[in-house]
Amino acid sequence: MTHQVRAVVARGKGAPVSLETIIVPDPGPGEALVKIEACGVCHTDLHYREGGINDDFPFLLGHEAAGVVESVGEGVTDVAPGDFVILNWRAVCGQCRACLRGRPQYCFNTHNAKQKMTLTDGTELSPALGIGAFAEKTLVAVGQCTKVDRAASAAAAGLLGCGVMAGIGAAINTGNVGRGDSVAVIGCGGVGDAAIAGARLAGAATVIAVDIDDRKLETAKKVGATHTVNSKQGDPVEAIRELTGGFGADVVIEAVGRPETYKQAFYARDLAGTVVLVGVPTPEMKLELPLLDVFGRGGALKSSWYGDCLPSRDFPMLIDLYLQGRLDLDAFVTETIALDEVEKAFERMHGGDVLRSVVVF
Ligand SMILES: NC(=O)c1ccc[n+]([C@@H]2O[C@H](COP(=O)([O-])OP(=O)(O)OC[C@H]3O[C@@H](n4cnc5c(N)ncnc54)[C@H](O)[C@@H]3O)[C@@H](O)[C@H]2O)c1
Ligand SMILES: [Zn+2]
Ligand SMILES: [Zn+2]
């Protein structure tokens, strides 16, 4: 059997997305069909539409989602129909070298659904990050479903599926932020703000938010920044040093993805401090730094894919903290929109008006 559902498709480079009917197959072995309840609009969806990721149009966009398992394929026991799940793009294989070494968060053979979703004329769709959740239903690998407490709001929970997890994880997993640390976050969109929230969760004493937009600095305060710096109005490296007794921060998280902000992060950390790059650069970007400074300043220069998260470990824990009132995921939901408003949400994202627009079904 197949399912005909409405979905948001990007048909060609730079062209506005369109609302289409797509065909979703019933789940086969190792697969689950998920009825989507909410899906956030992430910068990466826009990257796909602009042809910035690859040329495999048409794309089925959307990947920050939560929903309910409708049916599962033969032999599936990990999730069952009725389970409330957050979708992830790190369904670990358990067999690659990283998994076998006990580091599944670096798995390099992650699973997606084997069967293809298609347009009504049979054209195969490429689901964004192997998910494709701007759709009433989507087909994923079972490992892409992480069961969490049904009491959580779907709009908030779904955000853990990508950007918010990337930010929180950049602080708590990659950056190893600890109690009493000083942390600076450069770029306070959804990802940077999540890094701020993560730093607070980990017990950081000083959390400095840096952005070029005062509106973003206001929301950064709401999610836990103790200080803010508008880097249009002065040198952010100097400002961060001043706020940290002249030393620089223990951990600086770059959540923009540009060489100039990376350099700021590099010089705004204390000696032997850590830089975490979670912002995603484009292929033409280059970084130039004195190698002596890389050596002389010591410490660690790291990048963070998906916050080095392990969905089965991190999602249920973070949802529990959310339900206890210790992690305000609702603060990341700027607005809820309908499925046909994704294009408008891209414009608002571009204008810096939102942390996250979330499609609710
Ligand atoms: N590593 C991962 O796994 C992962 C996952 C999701 C997103 N991302 C990436 O994280 C980055 C941020 O994503 P987002 O959703 O928060 O985007 P966003 O557009 O909402 O936020 C970017 C923020 O950076 C600010 N900014 C822009 N230029 C700046 C500058 N020169 N100095 C200081 N601030 C500046 C903007 O004002 C904005 O607040 C993107 O590059 C995105 O692709 C990475
Ligand atoms: Zn693996
Ligand atoms: Zn994303």
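Strand S14, residues 249-254, is mostly covered, since six of its six residues are buried. Here a residue is buried if 20 or more other C-beta atoms lie within 10 Å of its own, exposed if 12 or fewer, and partly exposed in between, with C-beta atoms placed from the backbone. Helices (H or I, at least four residues) and strands (E, at least two) are DSSP runs, numbered from the N terminus. This is a predicted model, in which local features need pLDDT of at least 70, side-chain atom pairs count only at pLDDT 80 or more, and totals for chains, interfaces and linings use all residues. Residues are numbered from 1 along each chain as its sequence is written, while chains are lettered from A and ligands numbered from 1 in the order in which they are written.

Two strands pair if DSSP finds at least two bridges between them. Strand S11 (residues 182-186) runs parallel to S14 and is joined to it by four bridges; Ala184 has Val252 of S14 as its bridge partner. S14 is also linked to strand S15 (residues 269-277) by five bridges, again in parallel, and Ala249 is bridged to Arg269 in S15. Between S14 and S15 the chain passes through helix H8 (residues 259-268), forming a right-handed β-α-β crossover: with the strands pointing away from the viewer, the path from the first strand over the helix to the second runs clockwise.

Attention now turns to a loop. Gly82 lies between strand S5 (64-72) and strand S6 (84-87). Gly82 is exposed because 9 other C-beta atoms lie within 10 Å. Leaving aside residues up to four places away in sequence, Gly82 touches Val68 and Val69, contact meaning that C-beta atoms, placed from the backbone, lie within 7 Å. The C-alpha atoms of Gly82 and Lys35 are 9.7 Å apart, with 47 residues separating the two along the chain.

Methods:
Two residues are in contact if their C-beta atoms, placed from the backbone, lie within 7 Å.
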